[in-house]
Amino acid sequence: MEYLHIGLAALGAGLAVVGAAIGVGKIGGSAMDAIARQPEASGKIQTAMIIAAALVEGVALFGVVAALLGVLTTPA
Amino acid sequence: MIAHKSLKIIVTFTLALALLPFNAFAKADPEAEESKEFNPTDMIMHHIGDSHGWHFFGEGDSSFTLPLPVILFTEEGGFVTFMSSEFHHDTEGHHVVEKDGMRFVNYHEDIYKLGAGAETVEFDEEHNVLNASKPWDFSITKNVAAMFLTVILMLIFFFGLAGHHKKNKKAPAGFNNILETLVLFVRDEIARPQIGDKKYMKFMPFLLTVFFFIWITNLLGLLPGAANVTGNIAVTVSLGLFTLALILINGNKDFWQHTLWMPGIPTFVKPILAVVEVLGLIIKPVALMIRLFANITAGHIIILSLIGLIFILESAGVAGISVPFALFITILELLVAFLQAFIFTMLSALFIGMAVAEHEHH
């Protein structure tokens, strides 16, 4: 029972990863569709995709930071 | 069909990897050595945290450590300075350094000034310190030294580039050419689209500094023995505060009116909207700060965990899996280093652009 907080923190980080994976997956999918429609615009689409992916990852990493806080700042 | 030559390479590589696990059975008798339990958390925190001396490799007295100045400001004694080597690699609060009648110990890289008669720092159950006080710590720690290194590199690169332009009218060659391409990238892809052609020049120094500082620091942090600077929340909070300061100072009348007293909304909603907008104003740099900190720290923790897996499982064969994975993650971190610098700079430019934007009035 004394390691419960670590398990829960890891579970929380896992949920954040699920959110990130769904988000970035959707971005990648839309980017593929757009490039398939208009191959000559692939440079711009790629740039926009990378930017959007970095923003979504940022939000997912808030979750990771919260999990790290749960693991590290517990009263021992 | 795979070409004959690549097939030979693949088969040789796989056979070589398959021989690695046999190394694990040939280990010497483990009970003969001192049984210090390997604690992966401590190893990881030691590598991503700050420290007063720059430790490269080795343990205890036989380690290769670069001592750095410890600069403390105490209320009674003023400034106290000594080199971190006086702690003799002790971070458990046992070795006492005496200066000017005051006694200091290093407990987990926090320096405490011991109260009268105390031999070591004692904590109660909530980890409040009982018999010592913390002086103001202005030391040149590992992160500060690494930041100085980045600053020196940036000064060398950019004074070199500027010097070239003072002498020749032609386009620069070699490394200067790369630097100039990057500077133009920041100007044409980040500053001008976000801030607008009339006002971008004023903010170019800040955007260029932030972009190159974050990128070079991230890259240097990937080298062995390097410091994890942008993974230190204090560094990223300072960068976020710079952006916030620029937004607040350069916000024009339209920006403040839209933030505090948004026109075109029924009056009873305006105070609520003002609270929301002010919160948003503060949360945006906070998001910048957390995004950079978490991305870089997470990357370092993944690499360290993969290598630490070899020591947790106590088998050299795991290296066959860990090292290629860690290599792959390190290559990904190269991309992340650039991407995080780019995102930070682009979002800063976006927020500044929103603050100085001219609106046509209806």
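## About the model

This is a predicted model, in which local features need pLDDT of at least 70 and side-chain atom pairs count only at pLDDT 80 or more, while totals for chains, interfaces and linings use all residues. Residues are numbered from 1 along each chain as its sequence is written, and chains are lettered from A and ligands numbered from 1 in the order in which they are written.

## Domains of chain B

Chain B is assigned domain 1 (69–138) and domain 2 (143–356); such bounds come from an automatic or database domain assignment. Taken over C-alpha atoms, the centres of domain 1 and domain 2 of chain B are 35 Å apart.

## Two open sheets

The pairing of strand 7 (residues 110–114) of chain B with strand 8 of chain B is antiparallel and runs over two bridges.

The other open sheet has three strands of chain B in the order 4-3-9, again with antiparallel pairing. Strand 3 (residues 69–74) and strand 4 of chain B are joined over six bridges in the antiparallel sense, and they form a hairpin with three residues between them. Across this pairing, B:Phe73 stands opposite B:Phe79 and B:Leu72 stands opposite B:Val80. B:Leu72 also has a bridge partner in strand 9 of chain B, namely B:Asp137; strand 3 and strand 9 of chain B pair over two bridges.

## Helices 5 and 10 of chain B

Within chain B, the axes of helix 5 (residues 175–195) and helix 10 (residues 319–356) come within 7 Å and cross at roughly 30°. Axes are lines fitted to C-alpha atoms, for helices over the stretch in contact, and angles run from 0 to 180 degrees between N-to-C directions. Helix 5 of chain B is therefore roughly parallel to helix 10 of chain B (under 35 degrees counts as roughly parallel, over 145 as roughly antiparallel, 65 to 115 as roughly perpendicular and the rest as oblique).

Residues of helix 5 of chain B in this contact include B:Val186 and B:Ile190, and those of helix 10 of chain B include B:Met346 and B:Leu350 (contact means C-beta atoms, placed from the backbone, within 7 Å). The contact residues comprise nine nonpolar, three polar and no charged. Ala, Val, Leu, Ile, Met, Phe, Trp, Tyr, Cys and Pro count as nonpolar, Asp, Glu, Lys and Arg as charged, and the others, Gly among them, as polar.

## Where the chains meet

Between the chains, 10 residues of chain B contact 10 residues of chain A. Helix 9 (270–313) and helix 10 of chain B each give two or more residues to this side, with helix 9 of chain B giving the most, six residues.

Helix 2 (residues 42–72) of chain A packs against helix 9 of chain B at about 75°, with axes 9 Å apart; that makes the two roughly perpendicular. Among the residues that meet are A:Leu61 and A:Phe62 in helix 2 of chain A, and B:Ile290 and B:Arg291 in helix 9 of chain B.

How values were computed. Helices (H or I, at least four residues) and strands (E, at least two) are DSSP runs, numbered from the N terminus. Two residues are in contact if their C-beta atoms, placed from the backbone, lie within 7 Å. Two strands pair if DSSP finds at least two bridges between them.
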